[in-house]
Amino acid sequence: MSTVAAILLALVLIGFYLSWRATRLDRLHHRVETARAALDAALLRRAAAVLDLAASGHLPPETSAGLAESANRSRRADHDHRELAESALSVVLRETLDARTDLTTAPELQEVRVAARGVHLARVFHNDAVGDTRRARRSRLVRLLRLAGTAALPDFFEMDDQAPGAAGPGSR
């Protein structure tokens with residue numbers, strides 16, 4: 001009788017452990033989805049701030065047109081080309097704004113810089129969540145019992161997110 005009870009107890013404990021691992025994976029996937037939504041919002045906010053700066057009249061018309069075109073291209077980019085379009089916008093921003101010292105007091109420029117820092121932070125949080133999820137999914141037990149279900153393996157979001165006027169990514 002005690003052998004049967006020990007086996008039942010072991011099965012219950014194993015069941016709780018597997019349930020905990022599956023729930024943890026579900027939470028990690030939810031965290032990735034939430035972080036991706038925050039990253040998308042930050043990217044859209046940056047594009048909108050760039051469009052506001054381009055429309056503000058503080059820049060020459062050809063420069064404004066280039067910024068607006070790059071911002072619109074980043075907003076319209078499909079999933080496969082989004083990283084490249086966002087990186088291109090970062091490069092255009094740095095090339096355009098780092099050379100200009102006459103804009104330091106423009107509120108639109110400050111909004112662009114704040115939005116660019118927000119993009120950097122959102123990308124870091126997203127990539128941390130993806131890394132945690134990928135690490136959890138590498139476990140043999142998770143793969144053998146398919147505890148992740150049918151959830152797709154999340155991808156990192158790699159882009160040039162150095163803000164204009166910054167010495168390096170995330171610098172102030």
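I began with confidence: the mean pLDDT of the protein is 90, and 94% of its residues reach 70 or more, where pLDDT is the predictor's confidence in each residue, from 0 to 100. I noted that this is a predicted model, in which local features need pLDDT of at least 70 and side-chain atom pairs count only at pLDDT 80 or more, while totals for chains, interfaces and linings use all residues. Residues are numbered from 1 along each chain as its sequence is written, and side-chain values use heavy atoms, with hydrogens and water left out.

I then looked up residues 167-172, where pLDDT stays under 50 and the model has seven contacts beyond four places in sequence (contact means heavy atoms within 4.5 Å). Where pLDDT is low, the predicted coordinates should not be read in detail.

Gly-57, which follows helix 1, has a positive phi, near 90°.

Last, I looked at Arg-36, which forms a salt bridge with Asp-40, their closest N and O atoms being 3.4 Å apart (a side-chain nitrogen of Lys or Arg within 4 Å of a carboxyl oxygen of Asp or Glu). Both residues lie in helix 1, four residues apart, about one turn of the helix.

Notes:
Helices (H or I, at least four residues) and strands (E, at least two) are DSSP runs, numbered from the N terminus.
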